[in-house]
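These are my notebook entries on one protein chain, written down in the order in which I looked things up.

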Amino acid sequence: MRKTFCFGGSRLARRMSERAPMVDGCVFCDIARRGPTSTTALLYSDDKVVAFRDINPSAFRHYLVIPIDHIPTVNSLHKTKDDHQLVSHMVKVGKDLLNQDAPNSEEHSWRQVKYTPLGPLGGFIEAEKLLERIKPEAEVYS
């Protein structure tokens, strides 16, 4: 069976307009749900996210923090409290892992913390910019 990636802009991801708990053939869903073919060692897991080392690291410390629910692309995130809290939690988990792994190191370059590919053309968005983009509007009470 051919594996697809939740965030990579595959044909399957582009066709999906809504989130799904799990998508057959998605390598990230397989890891997040501890599927039968997943051998990935998790560094962290809770009811929202899992974290693990990248199999093809581009830095000495390269972790992936992914949501358990399938989110096809970063463009599927909206200006909602839930989405903002999810991405904030993902960033916190990533920073905590880096601080655990290298507690005495110089200040990490958080500009290097990025979210998933933007879709079929690739590219990444810095986590802090994504958080600004999906920050919910303040509720107005009368």
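**Entry 1, the order of elements.** I began at the N terminus and followed the chain, whose elements run α-α-β-β-β-α-β-β-α. That comes to four helices and five strands, and I note for myself that the model is a predicted one.

**Entry 3, a pair of strands.** Next I turned to strand 1 (residues 42-45) and strand 2 (residues 49-53), which run antiparallel and are joined by three bridges. A hairpin of three residues leads from strand 1 to strand 2, and when I looked for the residue of strand 2 that stands opposite L42, I found F52.

Which residues touch the most other members of the largest nonpolar core? I found V49, V65, L77, V87, V93 and L130, in a core that has 19 residues. The elements that give two or more residues to this core are strand 2, strand 3 (63-67), helix 3 (81-101) and helix 4 (127-133), and helix 3 gives the most, with seven residues. Apart from this core lies another, of 11 residues, and I listed C26, V27, I31 and I66 among its members.

Helix 3 has 21 residues and reaches 30 Å from its first C-alpha to its last, which is close to the 30 Å expected at 1.5 Å a residue. Its buried residues are D83, L86, V87, M90, V91, V93, G94, L97 and L98. They lie on the same side of helix 3, because they cover an arc of only 155° around the axis. I reminded myself that an α-helix has 3.6 residues a turn, so residues three or four places apart point the same way. On the other side of helix 3, I found K81, D82 and Q100 exposed.

Last, I looked up L130 and N75, which are 55 residues apart along the chain, and found their C-alpha atoms separated by 9.8 Å.

Terms used
Residues numbered from 1 in each chain as written. Predicted model: local features only at pLDDT ≥ 70, side-chain atom pairs only at ≥ 80, totals over all residues. Heavy atoms only, no water. Pairing = 2+ DSSP bridges. Core = buried A, V, L, I, M, F, W, Y, C linked by side-chain atoms within 4.5 Å. Buried < 20%, exposed > 50% of the residue type's maximum accessible area, 1.4 Å probe, protein only. Expected span 1.5 Å × (residues − 1). Arc of directions from axis to C-beta.
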